[in-house]
Structures are given as C-alpha cells and as structure tokens.
Amino acid sequence: DNVLLEVRNLKKHYEISQGIFKKSLIVRAVDDISFNVLKGETFALVGESGCGKSTTGKTILRLTDPTDGQVVFDGDDIANLPYNEMRSLRKRMQMIFQDPYASLNPKKTVQQILMEPLRVHKQFDAKDRHQKILNILDIVGLSEEHLERYPHEFSGGQRQRIGIAKAVILQPDFIVADEPVSALDVSVQSQVINLMLDLQKEFGLTYLFISHDLSVIEHMTDRVAVMYLGEIVEVAETEELFANPKHPYTQALISAVPISHPAEERERIILEGDVPSPVNPPPGCSFHTRCPFAMEVCRESAPQPTTFADGHTANCHLYTKKEEETKHVIINS
Ligand code: SF4
Ligand code: MG
C-alpha cells in the first residue's frame, strides 16, 4: 500500500466570542476535507492566508484536536488516538515552521536545541548523541563551530537549517512544512528548498508542504490540493494542475503566477472582493461570491467532485450541471 496518510472528512471548528455581548460564533477553519498522501511524495496544500491550510497541518500532527474526522497515519487513526499512545508516532511526524526564530528556544544553543528531541525520545547514548548532532549539522550545511551559538547569531536561512535539522534528527517518515521558505529572501529560498529535496531523497521523507506561493509549489511538489474557505476545491498532480486547472479559483491563482515563457502569455483573472469570513461561509459553492462563472445553482447547492484524468478532481458546477442548467446566467457580472 502506497498511502502513508489518509485524511477523511476532517473538520476543525472552533468557537470565538464577538462584540460587547460576547456572542459566540463558530469558525469553520477546516470544513470536511479528505485526501491521501503517498509515501515519499511532496503533497502541497495551497490557498490564500486564512483558508485553513495551517490548521489542517496542525490537526494532522494532533497539535490541535480535530472536531470530527479521521487522520490515518500508517494504519493508526491519530485523530482518535489517546494522547499517551501518540508518543511513538510523534517521533515519526515532525514539523518545519515558517519562522524558525519563533520555534527555536532563544536561550538554548544549537547543541541543546538538537539534543532535546534525542533526549525526549530516548535515542542513542550520550556519546552517540553528540555524533548524531554533528552528523545532522553537516547534512544541513552547518558545522561543529555552530554548536555553542544561539539562534539570534544566525541568518534567516541558517536558522531555517537549524529548524530543519531539529525536524529530521529523529529520522521521521513524515514532515509538515508550513510556509518553510516564505520568510526568507528569494536568493535563500531555493537553497533551503534544495536542502529539503536532498533530505527527502536521503531519508525517504514524505512532505505535506503548505504554501501560498505557487511558484514554490510548482518547483517543489508532486501533487497539490487547492483550499478555499476550509474546503478542498481541486486536487491534481502538480504538472497537470498548472497545465490544466479546472476550478475557477485555481485558474485565478495560476493566472497570477509570473510565467517563464512569454510565448505562453495568459490572461490574468482578477478576483473581485475579499475572501468571506469562515464564521459564516456562503451557502452552495463557497466561492460563488467571487467566481466569474457563478450561476444560480452555485448559490444553492455545494458542487461535488468531478473526476478528470489521473486523480484530478475539482468541485465545480461547471462540470456537473445538467443541460437545463446551462441556461443559467452568470450572476457576478
Ligand atoms: Fe464558480 Fe459555480 Fe464552479 Fe463555484 S460551482 S466555482 S461558483 S462556477
Ligand atoms: Mg498559515
């Protein structure tokens, strides 16, 4: 079986209170999503900020509890596992953060930072731990001379290398990388991406790669799920998604990516309006308030996935509408 992670009908809703009367509202941060991540692949979650990508990543690692649904990792349903049984799985699942500065303890040296996971998970004896740390530093492009330094003494790129070293030192199978290069200078981004790709080959890692940056996604990932307002609206292999986007939201996102071949000039699709609040998402297709192709049916019923070639699916009425519905006028013009 080639599936490492299976996410089924995952929901993360939480309550906030608003206004002087502290009215309680439900935020539908992740609203019934399903997808599989295959062993050894890089699977991307892409979408605008606030669409639920980070919450999905954290819920999968059980850094926050899901409201409903299953997260099956190598046969175990993490979403419903008692906490004490999570421990051995924690070793196998790690996270790389956008801002390594926030995730690295500023009062600890690199040596202490990298020692901690080895200690917590009781890996190796003292001498071997030191060797393991030197080893991993070398792999991420740092060295022994960095051992006694503190996070603030490093550049952003170097700090992310430390964050990556911390994530891979236990030789995990699966890593959630949440915007791992978004805070870095463009010149440093590709170095860090190449490091992540090298590590993937060397350790057989599987990545869930969360990003709003389609250029990075195109370069780095094997398959993509596009998220909008807590839902997945399209899934495809990366190349297929960029060549043949089906969902109008995906088409708009991709139309905004600068293209390397000017001959393939494409029309930029500008979306009107803001992303609606996840407190009260629009009924029907949640994209209908901004979709250039929205029809009456889109206001009323949520589109189910239509399957195109090779695991390419999109949820959009343009592909499901019946003959009589084709008469429906576009409502956002
Ligand atoms: Fe647009 Fe309707 Fe398709 Fe939603 S279902 S993306 S509103 S055409
Ligand atoms: Mg985020």
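**Getting to know this model**

Me: Which residues does the UniProt annotation "domain: ABC transporter" cover?
Reply: Residues 5-254, according to the unreviewed UniProt entry; such annotations use the numbering here, have shortened names and may be inferred rather than shown by experiment. This is a predicted model, where local features need pLDDT of at least 70 and side-chain atom pairs 80 or more, while totals for chains, interfaces and linings use all residues. Residues count from 1 along each chain as written, with chains lettered from A and ligands numbered from 1 in written order.

Me: What makes β1 and β2 a pair?
Reply: Pairing takes at least two DSSP bridges between strands, and strands are DSSP E runs of at least two residues, numbered from the N terminus. β1 (residues 3-18) and β2 (residues 23-38) have 13 bridges, antiparallel, so they pair. Glu15, for one, faces Ile26 in β2. In their hairpin, with four residues between the strands, Gly19 has a positive phi near 80°.

Me: How do you know that β1 pairs with β4?
Reply: Five bridges join β1 to β4 (residues 68-73), again antiparallel. Leu5 has Phe73 as its bridge partner in β4.

Me: What surrounds ligand 1?
Reply: 14 residues do, and the closest are Cys285, His288, Cys291, Cys298 and Cys316. Being near means a C-beta atom, placed from the backbone, within 6 Å.
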